[in-house]
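Here is my note on the model you sent.

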Amino acid sequence: MQASAFHKLLLLLPVAFFEIANGAGDWTYLSNGKDWGHLCSTGKLQSPISLDIKTAVKKAIPRVWFGHHTQELSRPLIIKNNGHTIHLDIPMTIKGRQPYIAGGRLSGRYHAVGLHIHWGSKNSAGSEHSLKRFRYDAEVHIVCYSEKYKDIMEAVQHKGGIAVAAIFLAADKTGRTHIHGLSKIVDASARTPIYESNATIPGSYSLKDMIGNANLEQFYSYDGSLTTPDCRESVIWNVFSKAVLVSFDGFARLWKLRDHSGNRLINNFRTVQALNNRTVYYRIKR
Ligand SMILES: [Zn+2]
């Protein structure tokens, strides 16, 4: 149920919106989102943004934590090239639990239901959020929805209905380091070269295998939006400030993917948005 609802949100809803608004079939990253309409251009709580430790409000809030994330996920684990990214529906664990995130500025649990990546190209970095002007090589998004709602489709209609855990990735050219599960996702992307192709990830993994030893202690948190059309402003962002290292070879695989028009799927990040009157928090320990 969650898987199908998630696909509706990511695929049907943006397409339907653009068909109504623009008469066009689909949206692209060719202008990094500058050509997206409706709320994407008129909204005041948009994402991503440039994060700045100097101007962020330092606040002693609980750390963000994951739950059920060490339990093995049910198989098969399937990634899909949806024309915008490679996407993994996070299934329940083999014990029938949905992994979740909680803590930080979140109230209650948020079911973790989707994972995807934003990346650059051979010559450019591609994280969505930036630290002042610095852009990391890539950014993983773990998309979660509040347990207060029956599914992600309902949650996205409410402010704070969605929470995203964002983890920066930095390319490691030494080839020594990698996040085991995430590397498997990136490796499997070699088998999803074109739009709507999918691949099964061999082996058994937990959500923790996908995020490795990401430092969950230090993060920014602010109220923002989906970074894809229709840019709904229902997201509590949790952006971890320390990047994790991923093998450089993996990134090269991502640059070979193609979108729905057959164009190279590179630089699939949205340009940074105005902060307007929002407060960005940076978590400090009590
Ligand atoms: Zn994303």
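1. Start with the tryptophans. Tryptophan 36 has a relative accessibility of 2% and therefore counts as buried, the cut-off being under 20%. Tryptophan 27 is also at 2%, so it is buried by that cut-off. The two rings form an edge-to-face aromatic pair. Their centres lie 5.1 Å apart, with 75° between the planes.

2. The mean pLDDT of the protein chain is 90. Of its residues, 90% reach 70 or more. Residues 11-25 are another matter: the pLDDT there is below 50. That stretch still has 25 contacts in the model beyond near neighbours in sequence. Where pLDDT is low, predicted coordinates should not be read in detail.

3. Which residues coordinate the zinc ion? They are His116, His118 and His141. His116 and His118 each use NE2, whereas His141 uses ND1. The distances run from 2.0 to 2.1 Å. Along the chain, the donors follow the spacing H-x1-H-x22-H. Histidine 116 sits in strand E7, residues 110-119. Histidine 141 sits in strand E10, residues 138-146. This pair links distant parts of the chain, 25 residues apart.

4. Next, the disulfide. The count comes to 1. Cysteine 40 is joined to cysteine 231, with an S to S distance of 2.1 Å. A disulfide is a covalent bond between the sulfur atoms of two cysteines. The torsion about this S-S bond, between cysteine 40 and cysteine 231, is about 95°, so the disulfide is right-handed. Both cysteine 40 and cysteine 231 are buried.

5. The structure holds 8 aromatic pairs, among them tryptophan 27 with tryptophan 36. A pair of aromatic rings is described by the distance of the centres and the angle of the planes. For tyrosine 220 and tyrosine 282, the centres are 4.8 Å apart and the planes are at 55°. That angle falls between 30 and 60 degrees, so this pair is tilted. Tyrosine 220 belongs to strand E13, and tyrosine 282 to strand E15, residues 281-284. The pair links distant parts of the chain, 62 residues apart. Both tyrosine 220 and tyrosine 282 are buried.

6. A last point concerns alanine 274. It lies in the loop between helix H6 (248-254) and E15. Its relative accessible area is 47%, so alanine 274 is partly exposed. How far is alanine 274 from lysine 44, in sequence and in space? They are 230 residues apart in sequence. In space they are 7.6 Å apart, C-alpha to C-alpha.

Notes:
Residues are numbered from 1 along each chain as its sequence is written. This is a predicted model: local features need pLDDT of at least 70, side-chain atom pairs count only at pLDDT 80 or more; totals for chains, interfaces and linings use all residues. Side-chain values use heavy atoms; hydrogens and water are left out. Donors are N, O and S atoms within 2.8 Å of the metal (3.2 Å for Na, K and Ca); water is not among the atoms, so sites may look incomplete. Helices (H or I, at least four residues) and strands (E, at least two) are DSSP runs, numbered from the N terminus. A disulfide is a pair of cysteine sulfur atoms within 2.5 Å. Buried means under 20% relative accessible area, exposed over 50%, partly exposed in between (1.4 Å probe, protein chains only). Rings of Phe, Tyr and Trp (its six-membered ring) pair if their centres lie within 6.5 Å; planes under 30 degrees apart count as stacked, over 60 as edge-to-face and the rest as tilted. pLDDT is the predictor's confidence in each residue, from 0 to 100. Contact means heavy atoms within 4.5 Å.
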